[in-house]
Amino acid sequence: KKQNEVFLKKFATHLGDMARVVDIDEAVSIMSVPSTKTIALRAAFTGSFEISPNLKIPITTFSRTMEAKLPTAKKLSIVAQNSANPDQLTVSRELDYYSISQPDTQVDKEDIVKGYRYGKSLVPYSKVDQASIKLQQEKCLKLIGFSPSSSVPRKHFMGNIEYITAPLDNPPAQTALAALVVALQETDHVGIVRYTKSTRTDPKLAACIPHVRSNGQRVLILTILPFAEDLRYYPFHSLS
């Protein structure tokens, strides 16, 4: 541990103001503070909230919270850094394919297909095969049913959080959505929906939680839920 600490401190000194070594308590304290980032407000989904085949509410969803990801690492070249114009020289990767049976024969990328082993055989799986079995979807936000709030614990929330709102220029839609929010609050229930954001995304199971914003606007909070196959119940011994 002491050798690792000495190495990290020495490494940080070479980076200057870009890095510093802190103890575990300070690191946890820094990471526990949520950070905010101002972004342009854009609709994540625009369509109808289908309550039933005869009742559809025009809605728009906006992202409320998003996962913050670390910036991708950049590839640096020692040769470029030592040149006269290091900022103008980029690192690129060239990938060539060669035949296993004929190592000197180069194979075009268009002639390569995926293959999966089935026993001792190798079954080819081309892009045409992938497209033929791909599930065709239509973007939708469709109500499946209702569930008590206690049946949807916070630990099951997955992914980003979105707000479901009605268009400002559509008073009937605002009234319908507000009525649904009030009904869910009074009964202490949440809506369970099928959510397909676009024709290129897989359908997801989500919960619609009633919420009243500080300005009095009634909205639904949409959060992704796991399917039954996604849950794992592992028994662990008590820590005490």
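## Overall make-up

The protein has five helices and eleven strands. Both are DSSP runs numbered from the N terminus: helices are H or I with at least four residues, strands are E with at least two. This is a predicted model, in which local features need pLDDT of at least 70, side-chain atom pairs count only at pLDDT 80 or more, and totals for chains, interfaces and linings use all residues. Residues are numbered from 1 along each chain as its sequence is written, and side-chain values use heavy atoms, with hydrogens and water left out.

## Size and surface

The C-alpha atoms fill a box of roughly 65 × 55 × 50 Å along the principal axes. The radius of gyration is 26 Å, while a compact globule of 240 residues would have one near 18 Å. That radius is taken over C-alpha atoms, and the globule rule is 2.2 Å times the number of residues to the power 0.38. Of the 240 residues, 20% are buried. Here buried means under 20% relative accessible area, exposed means over 50%, and partly exposed lies in between (1.4 Å probe, protein chains only).

The accessible surface comes to about 19,900 Å². Carbon and sulfur atoms hold 55% of that surface. Areas come from the Shrake-Rupley method with a 1.4 Å probe; for residues, only the protein chains shown count as cover. Contacts are heavy atoms within 4.5 Å. Among contacts with a separation of 6 or more, 55% join residues 24 or more positions apart.

Strand β9 spans residues 189–196 and is mostly covered. Six of its eight residues are buried. Two strands pair if DSSP finds at least two bridges between them. Strand β7 (residues 140–148) runs antiparallel to β9, and eight bridges join them. Leucine 141 stands opposite tyrosine 195 in β9. Phenylalanine 146 has glycine 191 of β9 as its bridge partner.

β9 also pairs with strand β10 (residues 204–212), in the antiparallel sense, over five bridges. There, isoleucine 192 stands opposite alanine 207 in β10. β7 has a parallel pairing too: strand β1 (residues 43–52) joins β7 over two bridges. In that pairing, glutamate 50 stands opposite lysine 142 of β7.

Aspartate 188 lies in the loop between α5 (171–187) and β9. This aspartate 188 has a positive phi of about 55°, although it is not a glycine. Most residues other than glycine have a negative phi.

## Salt bridges

Side chains of opposite charge can pair when their charged atoms come close. A salt bridge here is a side-chain nitrogen of Lys or Arg within 4 Å of a carboxyl oxygen of Asp or Glu. By this rule the count is two. One joins glutamate 5 to lysine 9, with the closest N and O atoms 3.3 Å apart. Glutamate 5 and lysine 9 are separated by about one helical turn, because they are four residues apart in helix α1. Glutamate 5 is partly exposed at 38% relative accessibility. Lysine 9 is partly exposed at 43%.

Lysine 197 forms a salt bridge with glutamate 162, and the closest N and O atoms are 3.0 Å apart. Lysine 197 lies in the loop between β9 and β10, and glutamate 162 in strand β8 (residues 158–165), so the pair ties together parts that are 35 residues apart in sequence. Lysine 197 is partly exposed, at 35% relative accessibility. Glutamate 162 is buried, with a relative accessible area of 5%.

## A nonpolar patch

Phe7, Leu8, Phe11, Leu15, Met18 and Val21 make a nonpolar surface patch of about 630 Å². Patches are made of residues with over 30% relative accessible area and no salt bridge; like charges are joined within 9 Å, nonpolar side chains (Val, Leu, Ile, Met, Phe, Trp, Tyr) within 5 Å. Valine 21 sits in the loop between α1 (2–15) and α2 (24–31). Its relative accessible area is 39%, so valine 21 is partly exposed.

## Threonine 90

Threonine 90 is in the loop between α3 (78–81) and β3 (97–98). Is threonine 90 buried or exposed? Threonine 90 is exposed, because its relative accessible area is 72%. Threonine 90 and aspartate 230 are 140 residues apart in sequence. In space, threonine 90 and aspartate 230 are 42 Å apart, C-alpha to C-alpha.
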